[in-house]
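Hello,

Here is the structure we talked about. Please open it alongside these notes.

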Amino acid sequence: MSPPSRRLQTKPVITCLKTFLISYSLIFWFTGVILLAVGVWGKVSLEAYFQLASEKSTNAPYVLIGTGAIIIIFGLFGCFATCRGSPWMLKLYAMFLVLVFVAEFVAGISGFLFRHEIKAVLGGAYKDAVTNYNTTDPKSSAVDTIQKTLHCCGVESYKDWNTTKYFKDQGIPESCCKEDAVCTVEDLKDLDKARDFVYDTGCFSKVTTLMESNLGIIAGISFGIAFFQLIGVFLACCLSRYITNNQYEMV
């Protein structure tokens, strides 16, 4: 058994570490809420863009939502483990933080390295969606959503629709019409007349700019949260060690 004075010196350190780790766990819990919110936002706001790049709806927003939910649960677990002062719970919490750090770091690096490939894939997919536009399939719906939301038309300009099968039957899609314009089928079938009623800016540049900026935001959040995990790992390991040593010294 160690001298009482040494145990008295250890107790304030443990109390201090507990305070820091509980504060950290609450912040960690809040980052889970942020990831959950980003996932929901991505699902609602970026679904049309993801729809173009894949045959089926992408799982990326669901991954963020799931990760956020897990972080929320383990953030609460971290607070519980700290209050209990259980070494094995603290070690489990530290292991989870390491796993989250690795996963988020890899995700951030992948998004940064493959951003140009994502841009190329998205550009090709958008051109294909415009060429095969028919108003019924999900990609055509995504094109309509993008054109209405970004106030654009076609790939490079509204003239891109002139080479599509849909243009020969229906003209330029109504989703290209300006908000204050009244478009008729006759106007949309004539490129010269349509120029006054539809957006003349192409969607490709706007889509890629929007996607790159949003990917940058997501990657930045991922990197920030990932490196934030290292603080938790350090605190959890230190607290676990002090508690274990304190228990051993009392024997």
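Which residue forms a salt bridge with Lys 165? The partner is Asp 169, and the closest N and O atoms are 3.6 Å apart. Please keep in mind that this is a predicted model. The structure holds one salt bridge, so this pair meets the cut-off of a Lys or Arg side-chain nitrogen within 4 Å of an Asp or Glu carboxyl oxygen.

Both Asp 169 and Lys 165 sit in helix α7, residues 165-170. Four residues separate them, about one turn of the helix. Lys 165 has a relative accessible area of 62%, so it is exposed. Asp 169 is at 42%, so it counts as partly exposed.

Next, helix α6. It covers residues 138-150, which is 13 residues. From first C-alpha to last it reaches 18 Å, close to the 18 Å expected at 1.5 Å a residue. Its buried residues are Lys 139, Ser 140, Ala 142, Val 143, Asp 144, Ile 146, Gln 147 and Leu 150. After α6 comes His 151, with a positive phi near 55°.

Last, the annotation. An unreviewed UniProt entry places "transmembrane region" at residues 21-42, 62-80, 92-114 and 215-239. I have details on two of these stretches. Residues 21-42 are 100% helix and 0% strand, with the end C-alpha atoms 31 Å apart. Residues 62-80 are also 100% helix and 0% strand. Their end C-alpha atoms are 27 Å apart.

Best wishes

Terms used:
Residues are numbered from 1 along each chain as its sequence is written. This is a predicted model: local features need pLDDT of at least 70, side-chain atom pairs count only at pLDDT 80 or more; totals for chains, interfaces and linings use all residues. Side-chain values use heavy atoms; hydrogens and water are left out. Helices (H or I, at least four residues) and strands (E, at least two) are DSSP runs, numbered from the N terminus. The expected span of a helix is 1.5 Å times one less than its number of residues. Buried means under 20% relative accessible area, exposed over 50%, partly exposed in between (1.4 Å probe, protein chains only). UniProt positions are given in the numbering used here, feature names are shortened, and annotations may be inferred rather than shown by experiment.
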